[in-house]
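Welcome! Have a look at the structure, then try each task before reading on.

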2 protein chains.
Amino acid sequence: MDRRIKKTRDAIFTAFEELLAEKRYEQITVSDIIDRANIGRSTFYAHFETKDALFMATCDELFAHIFEPHGREHSHDFSEDHGLRARLTHILYHLKDDRDRYTRIFSCESADLFWSYFKKQVAVIAAQKKAPAGSLPQELPEDFYINFYCSAFMEAVKWWFGTGLTATPEELEGYFEAVTG
Amino acid sequence: MDRRIKKTRDAIFTAFEELLAEKRYEQITVSDIIDRANIGRSTFYAHFETKDALFMATCDELFAHIFEPHGREHSHDFSEDHGLRARLTHILYHLKDDRDRYTRIFSCESADLFWSYFKKQVAVIAAQKKAPAGSLPQELPEDFYINFYCSAFMEAVKWWFGTGLTATPEELEGYFEAVTG
DNA sequence: AAGAAACCGAACAATTTGTTTATAATTTTA
DNA sequence: TAAAATTATAAACAAATTGTTCGGTTTCTT
């Protein structure tokens, strides 16, 4: 890739992410971004159609690796849940490792798009999840339970970021398991 | 109240709600609203500081009655939870009663904004909720549990609307209780 | 070195926002 | 009913922002 392109894109992403840490998404203007990135206005529009497109590209970059199966989780396990749990754990560690970046995105005004993308991915991962037999007082519609399970995970993660990631990934997983059984 | 004021406010609300059914919130401009409502620009700003303020007022109107304590729930009960459960039940019945109207609200393009308002109100109602003693395998941070509880309720309601309110309020409450204990 | 690709920045029209003005219509009150 | 107060109005306005265009410059590739 042409170095000029990478240089410009990096400058835009960096400026944008810095601004996301300072202002709400709607309050950030294209002029803010190009001033911070120190590039020309037309250059910005040569790279991104709109500010929304930049936001989506930022998310795509951010999520590039977090949902990829990783290491041991690949191994086929007799327990269906074990692979799922391992992948969720992997996600938690990944979030912790890239903490600052994720915190910035999680606090931006349009974080809802991020959460909704995130949840969709979690739903794919957890698509096979079944309600633990016998532990619940009644039968539940399957899609009800899966949605509940994914949402509980998402809310746990949201809560985690809300507290500034004070708990460890293991502790958070403990909380999550406590409420989902 | 001065009839002119009510007339103007109604015109603004109606126009805004119509527009919400057509466009995303962000795409709606003040000019759109005043054109549709057939009022002067300065009149709009005499009533609402910003578009955001109008949105909040609209939510307050749309959800005016659903969150009000109602009937029996007022009675002081020895069990703290009983009042809360009764209020949540009341909400479900209210949703079912005004089914068409709420379906419209929750299927518009800016439904997320309404869901988020809804959840905030539920959080206020459930602010005192404590984790059922002994039923969970470990201690949880209190705000973690409250958020989990509210989110589970919200997701149950969303799921309910997703299925076109096929289940009865009692059934839905059964599902909700099955997962929250 | 030459051509291609990317960048620049300045200018531009078009929207949108929120304020201000002076005037007209409506409601309240005395 | 008449005067006073309140509300609505259109039009004009500055300021901010968006997205495009264009001629000229720098940087990369071959």
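**Exercise 1. The contact between the chains**

How many residues does the contact take from chain B, and how many from chain A?

*Solution.* Keep in mind that this is a predicted model. Step one is to count on each side: 23 residues come from chain B and 23 residues from chain A. Step two is the area: about 2000 Å² is buried between chain B and chain A, and carbon and sulfur atoms give 70% of that. B:Phe144, B:Trp159 and B:Val179 together supply 29% of the area that chain B buries against chain A, more than any other three residues.

**Exercise 2. Charges and polar pairs**

*Solution.* Begin with the salt bridges: the rule finds two across the interface of chain B and chain A. One of the pairs to look up is B:Lys119 with A:Glu155, whose side chains meet at 3.3 Å, N to O. Next, count polar contacts between chain B and chain A: there are eight residue pairs. Now turn to the elements. On the side of chain B that touches chain A, those giving two or more residues are helix H8 (142-162) and helix H9 (169-180) of chain B. H8(B) gives the most, with ten residues. Finally, sort that side of chain B by class: 15 residues are nonpolar, four polar and four charged.

**Exercise 3. A glutamate in the first helix of chain A**

Is A:Glu17 buried or exposed?

*Solution.* Second, apply the cut-off, under 20% relative accessible area for buried. A:Glu17 has 9% relative accessibility, so this residue counts as buried. Third, list its contacts: leaving out residues up to four places away in sequence, A:Glu17 touches A:Thr58, A:Arg101 and A:Arg104.

**Exercise 4. The helix and its chain**

Describe H1(A), then step back to the chain as a whole.

*Solution.* H1(A) has 20 residues and reaches 29 Å from its first C-alpha to its last, close to the expected 28 Å. Its buried residues include A:Ile12, A:Phe13, A:Phe16 and A:Leu20. In an α-helix there are 3.6 residues a turn, so residues three or four places apart point the same way. The buried residues of H1(A) pack against helices H2, H3, H4 and H6 of chain A. Stepping back, chain A has nine helices and zero strands, and 43% of its 181 residues are buried.

Terms used. Residues numbered from 1 in each chain as written. Chains lettered and ligands numbered in written order. Predicted model: local features only at pLDDT ≥ 70, side-chain atom pairs only at ≥ 80, totals over all residues. Heavy atoms only, no water. Contact = heavy atoms within 4.5 Å. Buried area = accessible area lost by both parts, 1.4 Å probe. Salt bridge = Lys/Arg side-chain N within 4 Å of Asp/Glu carboxyl O. Polar contact = N/O pair within 3.5 Å; in protein donor to acceptor, adjacent residues only side chain to side chain. Helix = DSSP H or I, 4+ residues; strand = E, 2+ residues; numbered from the N terminus. Nonpolar A, V, L, I, M, F, W, Y, C, P; charged D, E, K, R; others polar. Buried < 20%, exposed > 50% of the residue type's maximum accessible area, 1.4 Å probe, protein only. Expected span 1.5 Å × (residues − 1).
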